[in-house]
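The following note records points on the structure shown below, arranged by region.

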Amino acid sequence: MTGSFALSIILILSFSVLVQWVQLALNPLQPWAPDVFYSSPENQCEIDPSFAAEVAQQPYVKRAFGRMYQSLPAVYEGKSGTIDLISYDAQQFQWAEEDLVSGDMDAVRNGRGVLTVFDKSNTLQVGDVIQLDSTSLTVAGVLEDSPFDTSDQPTVICSEALFTAITGENAYAILDVQLTSDATQQDINQLQALANGQYDFYDRLSLNKDTKSTYFMFCLFVYGFLVVITLITMIHTANSIAMSVSARTRQYGAMRAVGMDGHQIQKMITTESATYTLLGLVAGFGLGLPLHYFLYGQMISNYWGTAWHLPLSSVGGILVLLVCTGLLVPLAPGKRICTMAVSETINEL
C-alpha cells in the first residue's frame, strides 16, 4: 500500500515537468507568436511604422507589433564581440515580464537598462555592462525565452526610444501580426498584397494550428495517463482495505464481543488506512521531489534558465487526493463490519 501511494506520487510529479517543457518548447503557444509576419530584406530597418499602422487597422487583425534590429560591435565581459540589439514596444515588454528570470523590467521600459535572453552560450547576467561605441548598456533583466533563434552572440532587448537613440533607426525589421479567430485565407492573401513586394511575407497560421493540436494531444496523453494512475491508486486502496478488513473479520468480532463499539472499530480501520497514506506521502514526496528537481533542471533550467521551484499545485492536488482517499475508503468496509451480528463475525471463515 505504501509503495502504491509512493509510486503514484512519483509518476504525477515526473509527468508534470513534461507539460511545462512542452509549453516552452512549442513557440507558437507563446502569447507573442505571430500568425503571419513581414520581414525586410536582409533584416534591415525598412518597415515604416505607417505601414504597421495600416496593417493593424485591418478588421481581421487582432494585433500588429514590430521590432527593430541591428547587429552592433560591443565590448562585454572583458572581451570584444557582437550583440543583436532588438527593440520592444509596451505590449512586448508586458509579455516578456512573464518570462523574466531575474532583474527589473521597469528599468528597461524606462530606457535605463536592457534585457538579455538566457542561453548556454550567453553568460551575461544582471548588472553586467555592455560597452558600445557611443554609449554603455546595463543588463537589468534576463529572460527565459524570446521569439528569436539563438546564436553565438547575445540577444539584447531595449525600448524603442533607446534603440533609436543608439542607432538612429525608427523603422522595423520585423512586423508580427496576430489574426482574429475568424480570419480566412483570403484575409491572409490581402495582407500579403499590402506588402506590394517590398517586404518578405510569411504565413505561419497553419503551422501554429498544427503545433497547438500537437500540444493538446500531448496534454491529453499526459493527463490521461495521470488520471489512469489516480484511478488505479484509488481502486487498489479500496480493494486492499476491504481485503484487510475481511481477513480480520473474526478478530473484529472478538473485539466487539468483549465490549468494543462500532465507532472504535471504524476508528481502527481508518487509522490503518491513514497509516498507509502517511507513509506513502513521506516515501512519495521523499523520492518524487528530488526526481522532479532533477528532471526540471535537465529539461527546463539547462535550456531556458528557469529556476526550479516547489510544484505547489501538484503537491496540493496530491495531498487532497490521497488524504480524501485515505479517509473515505475505510467507511464502506467499516460499516459492513459494524452492521454484521457479533456471532456472524466470529464464525466468519
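1. Strand 2 and strand 10 (residues 174-179) are paired in the antiparallel sense over six bridges; two strands count as paired if DSSP finds at least two bridges between them. Within this pairing, A64 has V177 in strand 10 as its bridge partner. Helices (H or I, at least four residues) and strands (E, at least two) are DSSP runs, numbered from the N terminus.

2. On the basis of the coordinates: this is a predicted model, in which local features need pLDDT of at least 70 and side-chain atom pairs count only at pLDDT 80 or more, while totals for chains, interfaces and linings use all residues. Residues are numbered from 1 along each chain as its sequence is written, and side-chain values use heavy atoms, with hydrogens and water left out.

3. Which residues have the most contacts inside the largest nonpolar core? They are Y38, I130, L137, L179 and L191, in a core of 38 residues. A nonpolar core is a set of buried Ala, Val, Leu, Ile, Met, Phe, Trp, Tyr and Cys residues joined through side-chain atoms within 4.5 Å; buried means under 20% relative accessible area, exposed over 50% and partly exposed in between (1.4 Å probe, protein chains only). Leaving aside neighbours within four places in sequence, L191 is in contact with V36, Y38, V55, Q58, Y60, V61, V177, L179 and F201. Another core, of 17 residues, lies apart from the largest one and has I9, V19, V222 and L322 among its members.

4. Strand 8 (residues 136-143) is mostly covered, with six of its eight residues buried. Strand 5 (residues 100-103) runs antiparallel to strand 8 and is joined to it by three bridges, with G103 opposite G141. Strand 6 (residues 114-117) pairs with strand 8 in the parallel sense over four bridges, and L115 has G141 as its bridge partner there. Strand 7 (residues 129-131) is antiparallel to strand 8 over three bridges; V129 is partnered by T138, and a hairpin of four residues joins strand 7 to strand 8.

5. The buried residues of helix 5 (residues 160-167) are L162, F163 and I166. Seen down the axis of helix 5, these fall within an arc of 100°, so they line one face of the helix; the arc is that of the directions from the helix axis to the C-beta atoms. In an α-helix there are 3.6 residues a turn, so residues three or four places apart point the same way. The face of helix 5 turned away from the buried side carries the exposed residues A161 and A165. The cover over its buried residues includes strand 3 (69-76), strand 4 (79-88), strand 6, strand 8 and strand 9 (155-159). Just after helix 5, G168 takes a positive phi of about 80°.

6. How do helix 7 and helix 8 stand to each other, and which residues meet? The axes of helix 7 (residues 205-247) and helix 8 (residues 249-257) come within 4 Å and cross at roughly 60°. The two helices are therefore oblique to each other, given that angles under 35 degrees count as roughly parallel, over 145 as roughly antiparallel, 65 to 115 as roughly perpendicular and the rest as oblique. V245, S246 and A247 in helix 7 meet T249, Q251 and Y252 in helix 8.

7. Two buried residues in other helices may be noted. S273, in helix 9 (residues 262-304), has a relative accessible area of 1% and touches I241, G326 and P330, not counting residues up to four places away in sequence. G334, in helix 11 (residues 331-339), is buried at 0% relative accessibility. G334 and F148 are 186 residues apart in sequence and 61 Å apart in space, C-alpha to C-alpha.

Note on methods:
Contact means heavy atoms within 4.5 Å. Axes are lines fitted to C-alpha atoms, for helices over the stretch in contact, and angles run from 0 to 180 degrees between N-to-C directions.
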